[in-house]
Amino acid sequence: MIASMTHPAEGIGNPQRSGLAYKAMTRDHPLSPLDWHRAPRAQFNLGCDHGLYALFLRRGAELDGITPGADGLLYIGLAANSKGLKGRCHFNASTRNHSPRKSLSVLLREALALEPILMAKPASRNTWSLAPASERRLTAWMHENLELAIYPCADPEPLETILIGRFAPPLNLAKCAQSVEHRRISAARAAVLSQLEGVVTPVAIGRSISNSPLSKPALSERSHPPVLSIRNSAHLDNAEAIAAHFGLNPKSYRQRLRQDIAWYQKPQVWTFSRGSPQWKDMIAVAERMAGRSL
């Protein structure tokens, strides 16, 4: 079944187009996701074709914490398995195995009241997903605020690598130069797993960790949360990760940073190299709020 749309644009869904993919990568006619027809996910009738896809923030929609690329570009991905484009566009899927959904989860966690859950994997490293109700809220937000674009082609992997390297969309956390925003999202995702693992022992796959601070109201600044198990402390280079490590409410922590940090200036990106003077100041504020040291 060829991927098609309710109102197909010229060339979309044409099986001959995939044979032109490499010709489209010429200097005069570079392949670009900005040229692919895009529309809400509901307007696509996707099949098992291989190809590329891109996610865009709709005009007028907002996503705090990142700067979208040209025309709202957020993510470029490929579909090269048996499920094809139908199985890889992330609008109706589990966050567990879908990178852009995980990145959106950390960006929208407070706004959508999303509840992360630990997914224990005895034979490999644990991962995390969202509780069922949170999955539904994230999916609804995506349908309302994102648009999809597709480019069917037989061998999408080399094209994906080229396009990600050229456009560096903010939700692509590999295959491109990583900006401060990229690193902040990666650190926030790692902090979710670290916090879930540090609060309780992993339980059976799919069960919510009910006593995780991520699923409860924010801890009081006067409380003394348990020390969390941070596997890779190098991730503690931004405000979100530091707040998660100390069990602090991220908004309260950033507000205190603005009050206590002499070098604060607006706009301030709270990401600094571990061990730098700025990082040490941020840690000192967190230690005062949590009532314990790193």
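Colleague: What share of the residues of the protein chain count as buried?
Modeller: The model is a predicted one. The protein chain has 294 residues, arranged with seven helices and eight strands. The share of residues that count as buried is 47%.

Colleague: Among contacts with a separation of 6 or more, what part do residues 24 or more positions apart account for?
Modeller: The contacts in question join residues of the protein chain with a separation of 6 or more. Within that set, the part from residues 24 or more positions apart is 68%.

Colleague: Which element gives the most residues to the largest nonpolar core?
Modeller: The largest nonpolar core has 35 residues, and those with the most contacts inside it include Leu63, Leu74, Trp141 and Leu146. The elements that give two or more residues to this core are strands 4, 5, 7 and 8 and helices 1, 2 and 4. With five residues, the element that gives the most is helix 4.

Colleague: How many residues are in the other core, which lies apart from the largest one?
Modeller: Among the residues of this other core are Ala239, Trp270, Phe272 and Ala290. In soluble globular proteins, nonpolar side chains tend to be buried together. The number of residues in the other core is 17.

Colleague: Which prolines does leucine 74 touch, leaving out residues up to four places away in sequence?
Modeller: Leucine 74 is among the residues with the most contacts inside the largest nonpolar core. Beyond four places in sequence, leucine 74 touches residues including Leu55, Phe56, Leu57, Leu63 and Leu146.

Colleague: Which strands stand at the edges of the open sheet of four strands?
Modeller: The sheet has the order 2-8-4-5, with antiparallel pairing.

Colleague: What is the bridge partner of alanine 54 in strand 5?
Modeller: Strand 4 and strand 5 run antiparallel and are joined by six bridges. Strand 4 covers residues 51–57 and strand 5 covers residues 73–79. In strand 5, the bridge partner of alanine 54 is isoleucine 76.

Colleague: At what angle does helix 3 run to strand 5?
Modeller: Helix 3 comprises residues 156–167 and lies across strand 4 and strand 5. The angle of helix 3 to strand 5 is about 165°.

Colleague: Which residue does threonine 127 join through a polar contact between side chains?
Modeller: Threonine 127 is in strand 7, residues 127–130, and is buried, with a relative accessible area of 12%. Among the residues that threonine 127 touches are Arg96, Ile117, Met119 and Leu193. The polar contact is 2.4 Å, and the partner is lysine 102.

Colleague: Why is helix 5 described as largely enclosed by the rest of the structure?
Modeller: Helix 5 spans residues 239–246. Its buried residues include Ile242, His245 and Phe246. Helix 5 is largely enclosed because, of its eight residues, the number buried is seven.

Colleague: Which residue caps the N-terminal end of helix 5?
Modeller: The cap has a side-chain oxygen 3.1 Å from the backbone nitrogen of glutamate 240. After helix 5 comes glycine 247, with a positive phi near 70°. The residue that caps the N-terminal end is asparagine 238.

Colleague: How far apart are the axes of helix 5 and helix 6?
Modeller: The two helices pack at an angle of about 115°, and their crossing is right-handed. Ala239, Glu240, Ile242 and Ala243 of helix 5 make the contact with Pro250, Tyr253, Arg254 and Leu257 of helix 6. The distance between the axes is 9 Å.

Colleague: How far apart in space are alanine 290 and glycine 247, C-alpha to C-alpha?
Modeller: Alanine 290 is in helix 7, residues 277–290, and is buried, with a relative accessible area of 0%. In sequence, alanine 290 and glycine 247 are 43 residues apart. In space, the C-alpha to C-alpha distance is 7.5 Å.

Colleague: Is alanine 168 buried or partly exposed?
Modeller: Alanine 168 is in the loop between helix 3 and helix 4. Its phi is near 45°, a positive value in a residue other than glycine. Buried means under 20% relative accessible area. The value for alanine 168 is 26%, so this residue is partly exposed.

Conventions:
Residues numbered from 1 in each chain as written. Predicted model: local features only at pLDDT ≥ 70, side-chain atom pairs only at ≥ 80, totals over all residues. Heavy atoms only, no water. Buried < 20%, exposed > 50% of the residue type's maximum accessible area, 1.4 Å probe, protein only. Polar contact = N/O pair within 3.5 Å; in protein donor to acceptor, adjacent residues only side chain to side chain. Contact = heavy atoms within 4.5 Å. Core = buried A, V, L, I, M, F, W, Y, C linked by side-chain atoms within 4.5 Å. Pairing = 2+ DSSP bridges. Axes fitted to C-alpha atoms, helices over the stretch in contact; angles between N-to-C directions. Left-handed = near helix turned anticlockwise from the far one by under 90°.
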